[in-house]
Amino acid sequence: MSESQSGLKLPVLKTYKLFVGGAFPRSESGRVYEVTDAKGEWLANAPLASRKDARDAVVAARKAFPRWSGATAYNRGQVLYRIAEMVQGRREQFRAEVALSEGLSKSKATAAVDAAIDRLVWYAGWSDKVAQIAGGANPVAGPFFNLSTPEPTGVVAVLAPQGSSLLGLVSVLAPVLTTGSVAVVVASERAPLPALSFAEALATSDVPGGVVNVLSGRTAELGRPLAAHQDVNAIDLTGADAELATELEVLAAENLKRVRRPDPAEDFAADPGTGRLLGFLETKTVWHPTGV
């Protein structure tokens with residue numbers, strides 16, 4: 001009796017891919033690595049991105065930066081809200097992946113996914129308000145206006161948290177996008193599946209290709225070329241351990257403007273505040289004579 005006649009169906013295993021420039025390539029190296037659940041049981045094969053993949057992601061991000069940084073703050077907020085809609089539409093998929101990846105109960109995984117959706121909406125609301133807290137008119141002694149306005153830093157490399165596969169990812173990525181920068185994200189090494197699925201939600205939202213690029217693989221292997229890359233303007237080391245963070249900070253000192261070191265006490269379930277919104281902004285100050 002054939003399998004179709006017996007009523008049995010072969011499972012269709014999901015093929016996870018990288019997300020670079022709005023497309024879903026396999027790793028340039030052709031490598032994959034096994035992803036296991038909290039009990040050590042096999043879940044899937046994730047692409048093991050190479051240094052070449054990291055460089056390609058930086059090129060895609062730089063190409064996307066003018067369009068994204070030039071968009072209105074209101075438009076960026078609408079796009080972030082659309083991402084929240086897409087994640088909510090895949091709520092059950094994300095719940096299952098978070099539960100398996102982090103070893104959480106169904107209720108705790110659901111709470112983490114819902115918090116990630118809420119966080120996207122929260123940051124979406126800040127898109128056209130952050131300039132009011134990060135800029136303004138400065139008092140000067142003279143017949144001049146002195147105005148400061150925030151501007152996005154540029155290409156930001158983000159090492160996503162290791163232990164919080166979706167909520168942590170959203171917590172470190174959303175503020176970068178809200179303020180007009182573009183991102184190359186290195187997903188959690190041990191729990192990359194929610195991040196790779198999040199990339200699929202990005203692809204079906206209104207995010208222009210290249211604004212977010214998601215890589216999976218070894219954090220150290222990808223972090224080193226990103227930290228040293230001459231066209232990366234800032235790096236968030238949240239997903240690096242203390243030893244790796246120190247090494248990457250040294251590499252970044254050659255060319256990067258901003259480095260955010262990991263905070264072991266950071267609680268991604270807590271209210272985020274505005275710290276990350278301000279972390280990757282530059283300030284432009286303009287002098288203008290009064291009466292002109």
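## Thr110, a buried residue

Thr110 has a relative accessibility of 17%. Buried means under 20%, so Thr110 counts as buried in this predicted model. Thr110 is found in helix α5, which spans residues 106-126.

The side chain of Thr110 reaches back to the backbone oxygen of Lys106, at 2.8 Å. Setting aside neighbours within four places in sequence, Thr110 is in contact with Arg91 and Arg95.

## Helix α5 against helix α7

Helix α5 also meets helix α7, residues 167-178. Their axes come within 9 Å and cross at roughly 10°. Angles under 35 degrees count as roughly parallel, so α5 and α7 are roughly parallel to each other.

On the α5 side, the contact involves Ala112, Ala115, Ala116, Arg119, Leu120, Tyr123 and Trp126. From α7 come Leu167, Val170, Ser171, Ala174, Pro175 and Thr178. The residues of this contact divide into 10 nonpolar, two polar and one charged.

## Helix α2 against helix α9

Helix α2 covers residues 51-70, and helix α9 covers residues 219-228. Their axes come within 9 Å and cross at roughly 45°. That angle makes α2 and α9 oblique to each other. The crossing is right-handed.

Arg51, Ala54 and Val58 in α2 meet Glu221, Leu222, Arg224, Pro225 and Leu226 in α9. Here the residues divide into five nonpolar, no polar and three charged.

Methods:
Residues are numbered from 1 along each chain as its sequence is written. This is a predicted model: local features need pLDDT of at least 70, side-chain atom pairs count only at pLDDT 80 or more; totals for chains, interfaces and linings use all residues. Side-chain values use heavy atoms; hydrogens and water are left out. Helices (H or I, at least four residues) and strands (E, at least two) are DSSP runs, numbered from the N terminus. Buried means under 20% relative accessible area, exposed over 50%, partly exposed in between (1.4 Å probe, protein chains only). A polar contact is a pair of N or O atoms within 3.5 Å; within protein, one must be able to donate a hydrogen and the other to accept it, and residues adjacent in sequence count only if both atoms are side-chain atoms. Contact means heavy atoms within 4.5 Å. Axes are lines fitted to C-alpha atoms, for helices over the stretch in contact, and angles run from 0 to 180 degrees between N-to-C directions. Angles under 35 degrees count as roughly parallel, over 145 as roughly antiparallel, 65 to 115 as roughly perpendicular and the rest as oblique. A crossing is left-handed if the near helix is turned anticlockwise from the far one by less than a right angle, and right-handed if clockwise. Ala, Val, Leu, Ile, Met, Phe, Trp, Tyr, Cys and Pro count as nonpolar, Asp, Glu, Lys and Arg as charged, and the others, Gly among them, as polar.
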